[in-house]
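Subject: Structure handover and notes

Hello,

Here is the structure for you to look through. My notes follow below it.

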Amino acid sequence: MTHTKPLFSTKCAICNTEGNSTELYGANFEPESFNATKFSARRVPDKTHYRIVKCNRCGLVRSDPVVSADVAAGLYHQSSFKYEDEVENLKITYGRYLKKLTKYGQKKESILEIGCGNGFFLEYAKSVGFTHVCGIEPSEDAISKASDYMKQHIICDMLNPGKFESETFDVICFFQLIDHIYDVGLLLNECYRLLKPGGLILCINHNVSALSSHLLGERSPIFDIEHTYLFDEKTLSKVFLANNFKIKEVGTTMNRISLNYLNHLLPLPSHFKTEVSSFLKYTKVAAMSFFLPLGNIYIIAGKPEGAP
Ligand SMILES: [Zn+2]
């Protein structure tokens with residue numbers, strides 16, 4: 001079922017201003033763009049996007065205007081979880097960055113992952129010594145694919161303020177999530193409240209200044225109707241600083257990726273992708289993996305010791 005949804009103008013998540021921006025690309029979506037398939041994690045990119053603008057003051061890239069947060073929340077709730085094949089590689093990628101937290105004195109008592117899918121990363125966190133793991137995930141389908149253990153530790157929802165008591169977690173993680181958030185300030189404020197003093201955030205997301213987005217321009221898969229904000233190292237640091245965090249580290253992410261998933265991401269015609277995919281599977285090299293900079297960045301940010 002498709003409807004034309006009303007659109008609302010967005011604010012810069014750093015400057016908090018409406019307008020004061022330069023258009024990068026005009027909108028190219030159709031009313032039928034608003035369905036749960038388009039709002040499913042890691043689906044095949046199809047280059048459908050809102051009008052994309054860049055803030056004149058701070059350089060943050062955002063979609064403007066967009067559907068309401070409630071409409072998007074409904075779509076995420078119905079969305080499906082389809083990246084099981086890549087879970088082992090994602091665990092290795094995210095695990096490498098989780099290890100970096102130890103040098104900042106991170107404790108291994110409690111970890112929260114926002115947008116945890118089927119909980120594969122939290123299972124990894126448990127295997128490396130976290131005693132209390134907790135996830136939030138809006139997709140019912142994703143949670144239905146979680147292990148029996150993880151099902152007891154995932155809440156089916158978005159992170160709305162007040163869901164947990166203050167100073168509950170040592171670590172909060174979110175991967176490929178912040179680009180999808182309608183109110184980034186609200187998210188980061190709530191994370192700040194939930195972290196114990198000295199607690200850390202690990203966030204990995206797309207890099208709008210990556211070589212791939214310069215080369216592909218509007219054809220880059222990051223310009224996508226699911227993305228409300230698109231960051232680079234500078235703007236990601238600024239939005240964390242604006243929300244009282246101290247930046248520990250920011251940089252380019254090296255992703256562990258299989259040949260088959262690389263084919264899935266490349267901006268090639270879909271019939272060609274299907275042929276390549278069957279060839280890879282036939283020759284049994286589809287599962288071969290590499291580390292590549294795939295246009296992602298990471299940030300490690302902390303709530304200062306002794307902070308209220
Ligand atoms: Zn701005």
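Leaving aside its neighbours within four places in sequence, which residues is Tyr94 in contact with? They are Phe121, Phe175 and Ile204. Contact here means that two C-beta atoms, placed from the backbone, lie within 7 Å.

Two points on conventions first. This is a predicted model: local features need pLDDT of at least 70, side-chain atom pairs count only at pLDDT 80 or more, and totals for chains, interfaces and linings use all residues. Residues are numbered from 1 along each chain, as its sequence is written.

Tyr94 lies in helix H2. Helices (H or I, at least four residues) and strands (E, at least two) are DSSP runs, numbered from the N terminus. Tyr94 counts as buried because it has 23 C-beta neighbours inside 10 Å. The cut-offs: 20 or more other C-beta atoms within 10 Å of a residue's own is buried, 12 or fewer is exposed, and in between is partly exposed, with C-beta atoms placed from the backbone. Tyr94 and Asn56 are 38 residues apart in sequence, and their C-alpha atoms are 33 Å apart in space.

Asn89 also has its place in H2. Asn89 has 19 other C-beta atoms within 10 Å, so it is partly exposed. Beyond its neighbours within four places in sequence, Asn89 is in contact with Arg256, Ile257, Ser258 and Ser289. From Asn89 to Ser144 is 55 residues in sequence and 21 Å in space, C-alpha to C-alpha.

**Overall**

The protein has 10 helices and 13 strands. Its radius of gyration is 19 Å, close to the 19 Å that the globule rule gives for 308 residues, so it is as compact as a globular protein of that length. That radius is taken over C-alpha atoms, and the rule is 2.2 Å times the number of residues to the power 0.38. Along the principal axes, the C-alpha atoms fill a box of roughly 55 × 50 × 35 Å. Buried residues make up 40% of the 308. Take contacts between residues at least 6 apart in sequence: 78% of them join residues at least 24 apart.

**Core and central strands**

The largest nonpolar core has 76 residues. Such a core is a set of buried Ala, Val, Leu, Ile, Met, Phe, Trp, Tyr and Cys residues joined through C-beta atoms within 7 Å. Ile111, Ile172 and Leu202 touch the most other members. Not counting residues up to four places away in sequence, Leu202 touches Tyr97, Leu98, Leu101, Val171, Cys173, Tyr298 and Ile300.

Leu202 also has bridge partners on two strands. In S8, Leu202 is the partner of Cys173. In S13, the partner of Leu202 is Ile300. S7 and S8 pair in the parallel sense over six bridges. S8 and S13 pair in the antiparallel sense over seven bridges. Pairing requires at least two DSSP bridges between the strands. Nine of the 12 residues of S8 are buried, so S8 is largely enclosed by the rest of the structure.

S7, H6 and S8 make a right-handed β-α-β unit. Right-handed means that, with the strands pointing away from the viewer, the path from the first strand over the helix to the second runs clockwise.

**Helices against their surroundings**

- H6 (residues 184–194) has buried residues Val184, Leu187, Leu188, Glu190, Cys191, Tyr192 and Leu194. They pack against S4, S7 (169–175), S8 (195–206), S9 (229–230) and H8 (233–241).
- H8 has buried residues Thr235, Leu236, Val239 and Phe240. They cover an arc of only 135° around the axis, which puts them on the same side of H8. The arc is that of the directions from the helix axis to the C-beta atoms. These residues pack against H6, S10 (246–252) and S13 (296–302).
- H3 (residues 120–127) has buried residues Phe120, Phe121, Leu122 and Ala125. Their cover includes H2 (87–100), S4 (110–114), S5 (132–137) and H5 (148–151). Gly129 follows H3, with a positive phi near 115°.

**A second sheet to check**

Four strands form an open antiparallel sheet in the order S1-S2-S3-S9. Its edge strands are S1 (21–25) and S9, each pairing on one side only. S3 (residues 61–63) and S9 pair over two bridges. Val61 stands opposite Leu230 in S9.

Best wishes
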